[in-house]
There are 2 protein chains.
Amino acid sequence: MHTFKETAVTASDKTFFQLREDIVEGKILAGAKLSETELSTKYAVSRAIIREAINRLESSHLVERKANVGARVVSLTKEGLVELYQVRESLEGMAARLAAKNMTDDEVQDLNKLLSSHFDEVKDGQSYYQEEGDVDFHYRIVLGSKNNHLIAMLMNGIYHLVRMYRVQLGMAGPRVTTAFDEHRHIVQAISNRDEELAEMLMRRHITYSRNNIQNKLI
Amino acid sequence: MHTFKETAVTASDKTFFQLREDIVEGKILAGAKLSETELSTKYAVSRAIIREAINRLESSHLVERKANVGARVVSLTKEGLVELYQVRESLEGMAARLAAKNMTDDEVQDLNKLLSSHFDEVKDGQSYYQEEGDVDFHYRIVLGSKNNHLIAMLMNGIYHLVRMYRVQLGMAGPRVTTAFDEHRHIVQAISNRDEELAEMLMRRHITYSRNNIQNKLI
DNA sequence: ACCGAACCAATTGTCGACAATATAGTAGTA
DNA sequence: TACTACTATATTGTCGACAATTGGTTCGGT
């Protein structure tokens, strides 16, 4: 389960989540215009609700808005991907460092369990690991940092955009086993409470991961 | 001049900027409740405008909102400060690295000029340097990274919160000259296009800066 | 044919009113 | 007195209508 606690109560929240999913999953195309009136009939809510959702999406860097003109879904470019992964490298590197420092022993143990369950799946050739498992792994470490700013930035913003790139470019292929090894080393560093190494390995891991996607865009 | 391009056209924008300033500068206290009706009379705009402004402030981590209850200005805590500076260290470190890589020669030259103008001020004992000058320096480097995600995160979000801490805790005292030396070394690394060193020095610089403020909160 | 100005339709920005929800206060009972 | 259920009030959530702005289109002039 990679969905987060996001307690959606209000209609505005629900519309926001729905709209975000539709954008990330490509049901609304990258670069498309977001007409407020159109969306308000489509999702059966008032324009105010749509407006609020679009504002939130803008804060998440999933749409761009110009005053008195309107909003468009961001378009996926090679430069955008590079910039996104540079930020990710920076933030997740810090997350790994902090996780090595702040995770409880129990959490570290759970992380090791997660890793070995992934090992079993990789061994059996389950492709399930690829998306769901990778996401779980990264989430676990980010949450382990115990830094709420970091958590919010990655969970509410960056990761959705990352997923948008992954989904719409067709996600990575044969990187599973090598990524698994990288995960293993990161967990090792965290288990040893080696902050510097954890950060360095995570940064490398994300750089590799970027190279893997980047080729699809050239 | 440390104000950014922020072309405010719409009334919603203006209200947002005004409200943000009032919060950062402490005219609205940390932890205070933000009543929509009250603010709408105070700023002479409709509740919808206030609502939009509050939403944006929430995205900037200046305000926390609970559904059906309301919004409060964030409160300034020691933990919050530490978390904020951890993120800043991570992002600005990356910014320095990218600036060393992506700044044009002209931009590097301008940065050196800025530094020597600061030197003159420090020599003359102008306390002006402290806030305005420091901000200029950091902005210059962040913009030099040419990474729009990075720029947006720092300029629209983190820096305002940083300033809020600085203003409301009374800003640093005798750190001017030592901070100047740190700036000098960072500029040197950028001039040499030494990405790794630039990142490392910037991270240290921010850590020192945090220690300086942190003592005020204990 | 080309350029500019004045209109026009469509979209966004703003507003006030109504509905739904939470909090505080009151009354009632054990 | 302490606790619960209920009610009243104030605040937020949602909506539809009106105002303002944009971009395109048409028309006229050179």
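**Exercise 1. Find how Lys33(B) and its surroundings meet DNA strand D.**

Step 1. A polar side-chain atom of Lys33(B) is placed 3.5 Å from a phosphate oxygen of DNA strand D. This counts as a polar contact, that is, a pair of N or O atoms within 3.5 Å; within protein, one must be able to donate a hydrogen and the other to accept it, and residues adjacent in sequence count only if both atoms are side-chain atoms. The model is predicted: local features need pLDDT of at least 70, side-chain atom pairs count only at pLDDT 80 or more, and totals for chains, interfaces and linings use all residues. Residues are numbered from 1 along each chain as its sequence is written, chains are lettered from A and ligands numbered from 1 in the order in which they are written, and side-chain values use heavy atoms, with hydrogens and water left out.

Step 2. Look for other contacts to DNA strand D. For Arg47(B), a side-chain N or O atom is 2.7 Å from a base nitrogen of DNA strand D.

Step 3. List the neighbours. Around DNA strand D there are 20 residues, and Thr10(A), Ala11(A), Ser46(A), Arg47(B) and Arg51(B) come nearest. A residue is near a strand if one of its heavy atoms lies within 4 Å of it.

Step 4. Assign the neighbours to elements. Helix H1 (11-24) and H3 of chain A, with E1, helix H2 (36-42) and H3 of chain B, each supply at least two residues of this surface. Helices (H or I, at least four residues) and strands (E, at least two) are DSSP runs, numbered from the N terminus.

Step 5. Sort by atom and by residue class. Of the atoms of DNA strand D within 4 Å of the protein, 73% belong to sugar or phosphate, and the rest to bases. The surface near DNA strand D divides into eight nonpolar, eight polar and four charged residues. Here Ala, Val, Leu, Ile, Met, Phe, Trp, Tyr, Cys and Pro count as nonpolar, Asp, Glu, Lys and Arg as charged, and the others, Gly among them, as polar.

**Exercise 2. Describe the surroundings of DNA strand C.**

Step 1. Count the neighbours. DNA strand C is surrounded by 20 residues, the closest being Arg47(A), Arg51(A), Thr10(B), Ala11(B) and Ser46(B).

Step 2. Find the phosphate contacts. Phosphate oxygens of DNA strand C lie 3.5 Å from a side-chain N or O atom of Lys33(A), 3.3 Å from a polar backbone atom of Glu36(A) and 3.2 Å from a backbone N or O atom of Asn68(A).

Step 3. Name the elements. Those that give two or more residues to the surface near DNA strand C are strand E1 (33-34), helix H2 (36-42) and helix H3 (47-59) of chain A, with helix H1 (11-24) and H3 of chain B.

Step 4. Sort. Sugar or phosphate accounts for 73% of the atoms of DNA strand C within 4 Å of the protein, and bases for the rest. By class, this surface has eight nonpolar, eight polar and four charged residues.

**Exercise 3. Characterise the interface of chains A and B.**

Step 1. The contact (heavy atoms within 4.5 Å) takes 29 residues from chain B and 29 residues from chain A.

Step 2. The rule finds four salt bridges across the interface, each a side-chain nitrogen of Lys or Arg within 4 Å of a carboxyl oxygen of Asp or Glu. Arg203(A) and Glu199(B) meet in a salt bridge (2.8 Å, N to O).

Step 3. H4(B) gives the most to the side of chain B that touches chain A, with 11 residues.
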